[in-house]
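Okay, thanks for making time, everyone. Let me put the sequence and the model up on the screen, and then I'll walk you through it.

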Amino acid sequence: MKHEEANKEIGGTGANGQRGRGAEGQRGKRVGGNSKIQNVQSPAPNPKPVVPNTQSPVPNLDNWLEIGKIVSPQGLSGELKVYPVSDFPERFEVPGKRWLLRLDGTEPQPIELLTGRYISNKNLYVIKLAGVETCDQAEALRGCKLMVPVSDRPQLAEDEYHVLDLIGLEVFMQASGELVGTVIDIIPAGNDLLEVKFHESFATDKGQMTNDKEQMTNDKKQKTVLIPFVEAIAPVVDLKSNRIEITPPPGLLEINN
């Protein structure tokens with residue numbers, strides 16, 4: 001799957017028949033992230049030092065995807081280390097327009113990416129932004145987020161999905177049609193995992209029903225399960241119908257319960 005956090009992305013089926021991890025998110029079959037990145041001719045203004053303001057209004061990021069977070073300066077020339085939450089390397093390697101959300105910002109501001117390179121052993125990118133020339137200027141951006149508009153999502157191949165398109169889908173047992181629950185998150189792992197919140201009517205321990213049915217129902221409302229997003233277990237993903245059909249092996253739905 002591919003992820004971008006907005007804010008994420010998920011992928012499709014690899015050569016081994018499994019949906020791989022992608023990123024606006026990680027690499028593999030993609031869940032959502034990059035479209036073509038427009039180059040910018042004029043550099044952005046020099047960044048101002050960031051002074052956190054706890055009274056600042058919470059920014060509305062419904063129309064934005066987070067692609068990375070600045071974690072620290074790199075060297076003395078204004079380069080920045082960025083932790084990616086996107087599986088699309090072009091987000092950090094292809095020069096062009098990005099948006100910067102400052103710690104005290106209410107909305108992302110445009111800035112130009114000049115260069116970028118990947119450090120594989122640290123899962124970090126080192127990037128250079130226009131107007132950031134010194135270590136002090138880079139330090140002032142620590143904790144800031146790099147963003148792109150939601151509309152700037154790449155075209156995906158068949159059997160690839162954006163994370164944002166999977167969140168909120170209802171999950172059904174393929175054999176019985178029974179509603180299991182709703183996808184509330186995508187967890188990165190060797191294979192991406194769907195975090196599914198059980199529907200209150202779904203009882204995974206039907207053979208162990210107690211007399212206290214009300215207590216059992218209340219417990220189920222708070223529980224989730226992790227389901228591997230692989231072809232064998234989630235063979236049907238129907239975005240138009242807002243549903244995923246699963247064929248879990250025995251015991252899977254009780255593992256995290």
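**Aromatic pairs, a barrel and some hairpins**

By buried I mean under 20% relative accessible area, with exposed being over 50% and partly exposed in between, using a 1.4 Å probe and protein chains only.

Before I go on, the housekeeping. This is a predicted model, so to speak of a local feature we need pLDDT of at least 70, side-chain atom pairs count only at pLDDT 80 or more, and totals for chains, interfaces and linings use all residues. Residues are numbered from 1 along each chain as its sequence is written, and side-chain values use heavy atoms, with hydrogens and water left out.

So, how many aromatic pairs does the structure hold? There are 5 aromatic pairs. The rule is that rings of Phe, Tyr and Trp (its six-membered ring) pair if their centres lie within 6.5 Å; planes under 30 degrees apart are stacked, over 60 edge-to-face, and the rest tilted.

Take tyrosine 118 and tyrosine 125: the ring centres are 4.8 Å apart and the planes are at 50°, so we call that pair tilted. Tyrosine 118 is partly exposed, at a relative accessible area of 31%, while tyrosine 125 is buried, at 2%.

For the record, helices (H or I, at least four residues) and strands (E, at least two) are DSSP runs, numbered from the N terminus.

There's one more ring to look at. The charged end of arginine 243 sits over the ring of phenylalanine 172, 4.0 Å from its centre. The cut-off there is NZ of Lys or CZ of Arg within 6 Å of the ring centre and within 35 degrees of the ring normal.

Next up, the barrel. What's the strand order? It's a closed barrel of 6 strands running 1-2-5-4-3-6, with antiparallel pairing. Direction ignored, neighbouring strands of this sheet are turned by 50° against each other on average. Those axes are lines fitted to C-alpha atoms, for helices over the stretch in contact, and angles run from 0 to 180 degrees between N-to-C directions. Strands count as paired if DSSP finds at least two bridges between them. Strand 2 and strand 5 (residues 124-129), for instance, pair in the antiparallel sense over 3 bridges, and leucine 80 stands opposite isoleucine 127 in strand 5.

Now, zoom in on glutamate 79, in strand 2 (residues 79-84). Buried or exposed? Glutamate 79 counts as buried, at 17% relative accessibility. Its side chain makes a polar contact with the side chain of arginine 117, at 3.0 Å. A polar contact here is a pair of N or O atoms within 3.5 Å; within protein, one must be able to donate a hydrogen and the other to accept it, and residues adjacent in sequence count only if both atoms are side-chain atoms.

Arginine 117 is in strand 4 (residues 109-119) and counts as partly exposed, at 39% relative accessibility. Leaving out residues up to four places away in sequence, arginine 117 touches Gln74, Glu79, Phe92, Leu124, Tyr125 and Val126. Touching means heavy atoms within 4.5 Å.

Last stop, the hairpins. Strand 7 (residues 170-173) and strand 8 pair in the antiparallel sense over 3 bridges. They form a hairpin with 5 residues between them, and glycine 177 in the turn has a positive phi of about 80°. Another hairpin joins strand 8 to strand 9, through 5 residues. Strand 8 (residues 179-187) and strand 9 pair in the antiparallel sense over 6 bridges, with threonine 182 opposite lysine 197 and isoleucine 186 opposite leucine 194.

Strand 9 also pairs with strand 10, antiparallel, over 5 bridges, where leucine 194 has isoleucine 227 as its bridge partner. And 5 of the 6 residues of strand 9 (residues 193-198) are buried, so the strand is largely enclosed by the rest of the structure.
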